[in-house]
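Welcome! Take a look at the structure below, and then we will walk through it together.

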Amino acid sequence: MLQTRVNSGLDGVIVADTVMSEVDGEAGQLIVRGHAVEELVAARGFEGVAALLWEGYGTGGGDAAAVRDGLAAARERAFVLVPALLQATQGLTPVEGLRVGLGMMADSDPMPHHYLACGALPVFLAALLRAADGKPALAPDPALTTAQDLLRMIRGQRADAVFEMGLDTYLATVADHGFNASTFTARVVASTHAGLISSVLAGLCALKGPLHGGAPGPVLDMFDDIGSLDRADAWFDDAFSKGTTLMGFGHRIYKVRDPRADVLKNTVASLPQTTGRLAFAVEVEKSAIAALRRHKPGRRLDTNVEYYTALLLEALEVPRSAFTALFAVGRVAGWCAHVFEQEKGGRIIRPQSSYVGPRPAA
Ligand code: ACO
């Protein structure tokens with residue numbers, strides 16, 4: 001009989017070397033291929049971060065202009081699938097719709113699959129959102145970046161540059177983040193050589209849970225429920241008495257504030273007419289942190305990326321129902337990078353379990 005000590009959440013278990021990113025949970029620092037996230041997102045934007053992540057691996061890796069062209073071509077190719085997608089996704093949420101869309105893609109497609117996956121998600125998302133409003137899908141514009149084109153395809157016209165920059169910053173900020181649950185899932189699937197599209201689809205499925213990429217919508221629900229600042233402390237005490245998990249707080253790795261929270265908070269501040277909402281969120285955050293200290297003493301719980309994601313996506317006028325799907329539009333670049341890395345050097349990921357069921361009679 002195997003003697004094992006179970007670590008059900010794999011806390012602290014290191015299963016790979018990676019050149020993609022490092023999450024330093026004590027210092028509150030995220031490094032993406034040698035660059036601190038704060039300077040990286042401003043300098044390179046989403047296509048630049050994707051190019052950096054894919055450097056040495058996928059076609060166009062290292063070259064932001066090539067990545068931009070590749071993604072533009074992929075958006076056009078994905079648009080061909082939109083009628084079938086819309087037929088198959090009636091009544092589904094946006095992230096469920098993306099799940100169907102990736103499932104419709106053939107492994108035999110000759111276009112490089114990282115472009116295909118990264119180009120398809122924004123096209124599918126915009127089409128799904130417009131269909132939900134009874135509007136026809138808009139064809140992509142290959143002259144634009146992912147962020148510019150996604151906002152245009154959702155809204156029906158180009159957004160102001162400040163909004164396009166805001167979305168670009170968001171996509172770049174969330175593109176990669178160590179061995180989070182969805183990236184690990186993608187790597188497990190990649191480790192069986194199932195292919196990039198299947199790996200990315202698996203990553204999306206892991207992302208969609210409320211403990212991972214599904215948190216920002218509920219952050220806004222929490223704001224709605226709190227209503228006014230004078231109710232915040234009592235709201236949190238009540239939440240803890242019911243055992244509620246506060247969305248947008250806590251993290252497996254970060255024991256201090258998630259550095260991405262401030263990147264996104266500053267981005268919210270750069271957008272028009274956000275002053276009042278931002279001030280509200282900052283005060284609610286203080287109240288939440290104080291409540292976490294009161295009710296979970298000894299636990300080092302702080303604000304994570306999803307808190308200000310919620311505020312940013314709200315300011316960009318993205319519907320709440322689409323927040324998780326939009327996260328996938330950014331994170332897919334990281335999933336692809338990890339699939340490359342896994343395929344290049346990794347072995348099949350196959351851990352062990354401890355059998356605690358009955359045994360046959362002797
Ligand atoms: N609110 C209240 N209590 C919390 C929270 C929270 N947000 N997060 C952790 N805790 C508490 C737990 O109740 C537990 O306390 P206990 O031991 O007294 O029961 C303790 O802190 C440890 O929590 P775990 O769940 O073991 O921590 P874990 O590392 O497994 O979970 C997670 C991390 C899932 C992110 C958790 O903090 C959480 O559920 N947060 C809210 C959801 C969220 O915001 N997710 C987005 C994370 S960022 C991302 O994925 C992009």
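The shell around the ligand is made up of ten nonpolar, six polar and four charged residues. Here Ala, Val, Leu, Ile, Met, Phe, Trp, Tyr, Cys and Pro count as nonpolar, Asp, Glu, Lys and Arg as charged, and the others, Gly among them, as polar. This is a predicted model, where local features need pLDDT of at least 70, side-chain atom pairs count only at pLDDT 80 or more, and totals for chains, interfaces and linings use all residues. Residues are numbered from 1 along each chain as its sequence is written, and side-chain values use heavy atoms, leaving out hydrogens and water.

**Around the ligand**

- Among the 20 residues around the ligand, those that come nearest are His-212, Leu-246, Phe-249, Arg-252 and Arg-299; a residue belongs here if one of its heavy atoms lies within 4 Å of the ligand.

**Polar contacts (pairs of N or O atoms within 3.5 Å)**

- A polar backbone atom of Gly-248 is 2.8 Å from an oxygen atom of the ligand.
- A nitrogen atom of the ligand lies 2.8 Å from a backbone N or O atom of Phe-249.
- Lys-296 has a polar side-chain atom 3.1 Å from an oxygen atom of the ligand.

- Strands (DSSP runs of E, at least two residues) pair if DSSP finds at least two bridges between them.
- Four bridges join β1 to the antiparallel strand β2 (residues 29-32), and Glu-22 has Ile-31 in β2 as its bridge partner.

Notes. Polar contact = N/O pair within 3.5 Å; in protein donor to acceptor, adjacent residues only side chain to side chain.
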